[in-house]
Amino acid sequence: FETFYNIGSGSFISLLALSTVALKTVLDGTETHLAILAAMFGGSSLLSPFVSYLGRTIRMQALVVWPNFLVALILIATVVSSSPTWFTACVGMAFVIRVFPRVGEMNMYRILYPPTCRGAAVGWIKCVAALSGLGLTLLGYWCFTFHAQHYWVLYCISALLLTGAAWSYK
């Protein structure tokens, strides 16, 4: 299930770069939109200690699964409007919420894999995530080159993959 999970996780990671391209080239976002989006990307990591704190009362598996479902819904919401502000809010919130699964999955690795094979296992699943992210990035290049107005399809694909990822972790 870790392999399937990381297909969704990897696709989401690729949205970091794709979102800046969509914001600037398709949605006519301003420097302010880019700055806010970048702050939400990086600033989300500030919540990591809060996730560890919540992990004392909420199962780590729940901190991985349910935020992924929520992020998938938020990504689908990018279809609603072509406003750069709406897009920044949706994608930014998705990255803030994804701090829960990021920290939770790291803790799950510690629980699921014995130290003797943890490095190989995590290496494999991160490779799967990278390949998934690369696939969506290449699709994004094609989409931005030939069908820029349909940029939202990338977010729906990532949402679908994240839903499958959460389902496989459940």
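Predicted model: local features only at pLDDT ≥ 70, side-chain atom pairs only at ≥ 80, totals over all residues.

Reply: Start with the contacts. Beyond residues up to four places away in sequence, asparagine 68 touches Tyr5, Arg98, Pro101, Leu162 and Ala166. Asparagine 68 sits in helix H4. Its relative accessibility is 0%, so it counts as buried.

Now move along H4 to valine 64, which lies in that helix too. Valine 64 has a relative accessible area of 0% and is therefore buried. Neighbours within four places aside, its contacts are Tyr5, Pro101, Gly104, Glu105, Met108 and Tyr169. Tyr5 and Pro101 are on this list, and both are on the list for asparagine 68. Take the pair of valine 64 and tyrosine 5. In sequence they are 59 residues apart. In space, their C-alpha atoms are 10.0 Å apart.

Setting aside neighbours within four places, it contacts Arg98, Glu105 and Leu162. Arg98 and Leu162 also touch asparagine 68. Glu105 also touches valine 64.

Next, the helix packing. Two packed helices are described by the angle between their axes and the distance between the axes. Helix H4 spans residues 60-76, and helix H5 spans residues 84-97. Their axes come within 9 Å. The crossing angle is roughly 170°. H4 is therefore roughly antiparallel to H5. Which residues meet there? From H4 come Pro67, Leu70, Val71, Ile74 and Leu75. From H5 come Cys90, Ala94 and Ile97.

The loop between H4 and H5 holds serine 83. Its relative accessible area is 27%, so serine 83 is partly exposed. Serine 83 and leucine 23 are 60 residues apart along the chain. Their C-alpha atoms are separated by 9.3 Å.

That leads back to H1 and what follows it. Lysine 24 forms a salt bridge with glutamate 31. The closest N and O atoms are 3.7 Å apart. Side chains of opposite charge can pair when their charged atoms come close. A search of the whole structure finds 1 salt bridge. The two partners fall into separate accessibility classes. Glutamate 31 is exposed, because its relative accessibility is 58%. Lysine 24 is at 37%, so it counts as partly exposed.

Aspartate 28 is in the loop between H1 and helix H2 (31-43). Its backbone deserves a check. Most residues other than glycine have a negative phi. Aspartate 28 is not a glycine, yet its phi is positive, about 55°. At 59% relative accessibility, aspartate 28 counts as exposed.

One last stop, on the surface. Leu139, Tyr141, Trp142 and Phe146 make a nonpolar patch of about 470 Å². Tyrosine 141 lies in helix H7, residues 115-146. Its relative accessibility is 59%, so tyrosine 141 counts as exposed.

Technical notes: Residues numbered from 1 in each chain as written. Heavy atoms only, no water. Patch = residues over 30% accessible without salt bridge, like charges linked within 9 Å, V, L, I, M, F, W, Y side chains within 5 Å. Areas by Shrake-Rupley, 256 points an atom, 1.4 Å probe, with all protein chains shown as cover. Salt bridge = Lys/Arg side-chain N within 4 Å of Asp/Glu carboxyl O. Helix = DSSP H or I, 4+ residues; strand = E, 2+ residues; numbered from the N terminus. Buried < 20%, exposed > 50% of the residue type's maximum accessible area, 1.4 Å probe, protein only. Axes fitted to C-alpha atoms, helices over the stretch in contact; angles between N-to-C directions. Parallel < 35°, antiparallel > 145°, perpendicular 65-115°, else oblique. Contact = heavy atoms within 4.5 Å.
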